[in-house]
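Dear colleague,

I am passing on a structure that is new to you, with notes on what was found in it. Please look it over before reading on.

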Amino acid sequence: MNKNDIKLIIILLLFIVVLLLILRPKSSNAASVYYEDKLIQKIDLTKDNIYTFDGYNGKVVVEVKSNKIKVIEENSKNHICSKQGYSNVIICLPNKIIIKVDDDSTSLDGVSK
């Protein structure tokens, strides 16, 4: 490796770091919980807590930890909801529960006419 190769590698690494900083997802402080398309509760993600909701097949237990949210316990045949882990959108179809982390940004990603 010569000096030009090292300079090129450093420039590429800096470019990648800048892209990651620009494109990283923004954290949110709230999540919305829906049952059958109706908002049933807003959850504050800054406070670690455990919430219980009545789903179609029974109780759905949701954990908030370190600004992240996941289903930890639910009643469905294959436990699909709890296998999703921490996510920005949790769709629990067997229990008709949807959890969405609210987006802080108000920018548009596209406009169509």
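**Charged pairs and a buried glutamate**

At 52% relative accessibility, D54 counts as exposed, a term that stands for over 50% relative accessible area, with buried meaning under 20% and partly exposed the range in between (1.4 Å probe, protein chains only). The side chain of D54 meets that of K59 in a salt bridge, with 2.6 Å from N to O, where a salt bridge is a side-chain nitrogen of Lys or Arg within 4 Å of a carboxyl oxygen of Asp or Glu. K59, for its part, is partly exposed at 45% relative accessibility.

Before going further, please note that this is a predicted model, in which local features need pLDDT of at least 70 and side-chain atom pairs count only at pLDDT 80 or more, while totals for chains, interfaces and linings use all residues. Residues are numbered from 1 along each chain as its sequence is written, and side-chain values use heavy atoms, with hydrogens and water left out.

The structure holds 4 salt bridges, including the one between D102 and K42, at 2.9 Å from N to O. Because D102 lies in the segment after strand 7 (97–101) and K42 in strand 2 (residues 38–44), this pair ties together parts that are 60 residues apart in sequence; strands (E, at least two residues) and helices (H or I, at least four) are DSSP runs, numbered from the N terminus. K42 is partly exposed, at 49% relative accessibility. Another salt bridge joins K47 and D44, whose closest N and O atoms are 4.0 Å apart; K47 is exposed at 55%, whereas D44 is partly exposed at 30%.

E74, placed in strand 5 (residues 68–74), is buried yet has no salt bridge, and the nearest side chain of opposite charge, that of K83, is 8.1 Å away (Lys and Arg count as positive, Asp and Glu as negative, and His and the chain ends are not counted). Leaving aside neighbours within four places in sequence, E74 is in contact with residues including K59, H79, S82 and N95, contact meaning heavy atoms within 4.5 Å.

As for the chain overall, there are 2 helices and 7 strands, which follow the pattern α-β-β-β-β-β-α-β-β along the sequence. Of the 113 residues, 22% count as buried.
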